[in-house]
Amino acid sequence: MSGDRTSESGPLAYADWRDRLEDGELVGLECRSCGHVTATPKRACIDCGDRILDTCSLPTTGTVHSETTITVPPVGFEGPYQVGVIDLGETKLMGRIRGDEGVEIGASVEFADTVELDGMPAPVFEPVE
Amino acid sequence: MTRATIVGGGMTSFGPHDQPLEELFADAAFASMDDAGIAGDEIDAFYLGNALGGQTESDTHLAPKLATHIGLQGIPCQRFEDACATSSNAFKHAVQAVESGVHDVALVGGVERCTPETGLGTGEMTRIFAGASHRQYEQPTGLTFPGVFALLTKRHMHEYGTTEEQLAEVAVKNHHHGQFNPKAHFGRDTDVEAVLETPIIADPFHLMDCCPFSDGASAVLVVSDDLADSFTGEPVSVTGVGHRTDAVPLADKASLPETRAARDAAAEAYEQAGITADDVDVAEVHDCFTGAEVLAIEALGLFEDGTGGRAAADGETYIDGEMPVNPSGGLKAKGHPIGATGTAQLVELTEQLRGDAADRQVDDARTAVAHNLGGDAATTVVTVLEARA
């Protein structure tokens with residue numbers, strides 16, 4: 001673990017990301033060298049490869065970058081449900097989108113909940129009125 | 001410059017097959033060996049593509065198993081897994097091996113079973129396919145592979161105005177082509193209304209926008225250029241193989257509709273071959289979903305960005321169009337037995353370049369491109385084949 005890291009607990013690992021997601025927090029990583037931000041843990045920057053990454057808090061509201069409603073799900077899921085890539089400003093994150101009508105690209109959404117598969121949570125977003 | 005030569009190709013029909021993988025593969029392997037005029041004892045190495053056998057049929061370590069079944073036991077054998085780009089990656093390694101002189105004659109092929117003949121239903125196969133999405137950051141959302149390509153395609157629709165009707169035109173075109181391919185899983189004329197009436201799988205994709213679950217096998221014989229005329233099979237030159245990857249999970253991709261790996265792989269393959277997109281006479285592209293063909297033909301430079309959606313509707317990508325795409329019927333109609341798809345594209349293009357494609361022959365086909373994509377477009381292999389002067 002690097003001593004000069006400004007993050008609270010060294011490199012953001014999946015277990016930290018998972019626990020904080022379940023606590024209602026979106027956290028990602030910002031590359032100290034080039035500033036690239038990702039919304040899910042990596043051990044090196046996907047843009048420049050540098051290994052010094054700082055855990056950063058991500059906004060919990062964003063806009064729908066792309067979305068689809070899945071009608072034929074994998075075994076273990078019950079459809080239909082909407083999945084989207086959410087633009088959080090500096091980075092993007094995949095999640096479920098919950099709502100009666102379904103939302104379209106460009107809609108504003110807010111991180112509201114999680115769903116779980118085999119102990120692994122995924123973020124759930126809801127439309128912002 | 002010629003990197004290697006294909007001297008034979010063969011494939012099974014694609015569709016349901018109630019056979020063990022080794023029997024299915026033997027049919028394709030022997031067809032390719034007979035086409036090439038190559039006997040088993042002339043083959044130096046075996047490169048196999050199989051993506052899912054461990055999950056679907058509890059069948060792993062397949063390369064020596066299949067080699068044993070077809071009389072090739074003892075030679076170096078290896079299996080590749082790169083989702084749907086599995087056997088084109090096996091092919092890439094065989095090309096490198098014969099080019100560098102490590103081997104003289106390599107058998108390359110793929111085999112897969114995905115239909116209910118495996119005992120697995122739609123939900124189970126959908127889960128297995130979803131294994132190619134990110135385990136922690138995508139699978140828990142319930143993402144499926146129709147869903148993956150829906151996310152890529154809807155962004156293309158948003159940015160360029162591509163419509164569901166235009167996507168349906170891709171299915172109409174590939175089913176039209178499929179009727180001329182006796183090995184195709186499907187193929188009969190349909191129309192846009194019929195496609196749009198089928199149930200939604202993941203919007204914007206209807207059932208008829210999606211390739212089927214198929215069983216099948218395919219194989220080619222790859223030899224060094226100096227051995228190209230040593231066998232009875234009419235040789236076709238491999239002049240470029242580009243292979244690139246992109247970020248997973250897909251939220252980390254810089255752009256969803258550009259399919260960056262395909263663009264980079266195409267640039268690499270074209271540079272090796274000394275061609276540009278303008279030189280391509282015929283293309284086999286990875287149309288696992290109708291939208292994927294639109295993204296592919298733009299990424300290959302065959303159509304300008306934003307215009308790929310209109311190509312099928314305008315008739316340009318039909319066999320007799322300006323830029324024929326998927327004369328085999330593509331994955332959409334020919335079928336998509338995952339690990340067999342990459343080499344099946346090469347089998348089709350070999351026939352096209354030999355002028356042996358019968359009712360689906362593209363006129364004056366001299367330069368051909370195969371685009372084989374894996375996972376959420378995170379792997380793409382682009383191959384340039386050329387008729388010998």
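I count two strands as paired if DSSP finds at least two bridges between them. Helices (H or I, at least four residues) and strands (E, at least two) are DSSP runs, numbered from the N terminus. This is a predicted model, and I read local features only at pLDDT of at least 70. Residues are numbered from 1 along each chain as written, and chains are lettered from A in the order written.

Sheet, chain A. I found an open sheet of three strands in the order E2-E1-E3, with antiparallel pairing. Strands E2 (37-38) and E3 (53-57) are the edges, each pairing on one side only. E1 (residues 27-31) and E3(A) pair over five bridges. I looked up Gly28(A): its bridge partner in E3(A) is Cys56(A).

Cis peptides. One joins Gly79(A) and Pro80(A), with omega about -5 degrees. Pro80(A) sits in the loop between strands E4 (61-70) and E5 (81-87) of chain A. Another joins Asp203(B) and Pro204(B), with omega about 15 degrees. Pro204(B) is in the loop between strands E5 (200-202) and E6 (205-206) of chain B.

Positive phi. Which value does Ala358(B) have for phi? I read near 50 degrees. Ala358(B) lies in the loop between helix H13 (341-354) and strand E10 (367-374) of chain B. Phi of Ala377(B) is near 75 degrees. Ala377(B) is in the loop between E10 and strand E11 (379-387) of chain B.

Burial. I use buried for under 20% relative accessible area, exposed for over 50%, and partly exposed in between (1.4 Å probe, protein chains only). Ala358(B) is exposed at 60%. Ala377(B) is buried at 3%.

Conventions:
This is a predicted model: local features need pLDDT of at least 70, side-chain atom pairs count only at pLDDT 80 or more; totals for chains, interfaces and linings use all residues. Side-chain values use heavy atoms; hydrogens and water are left out.
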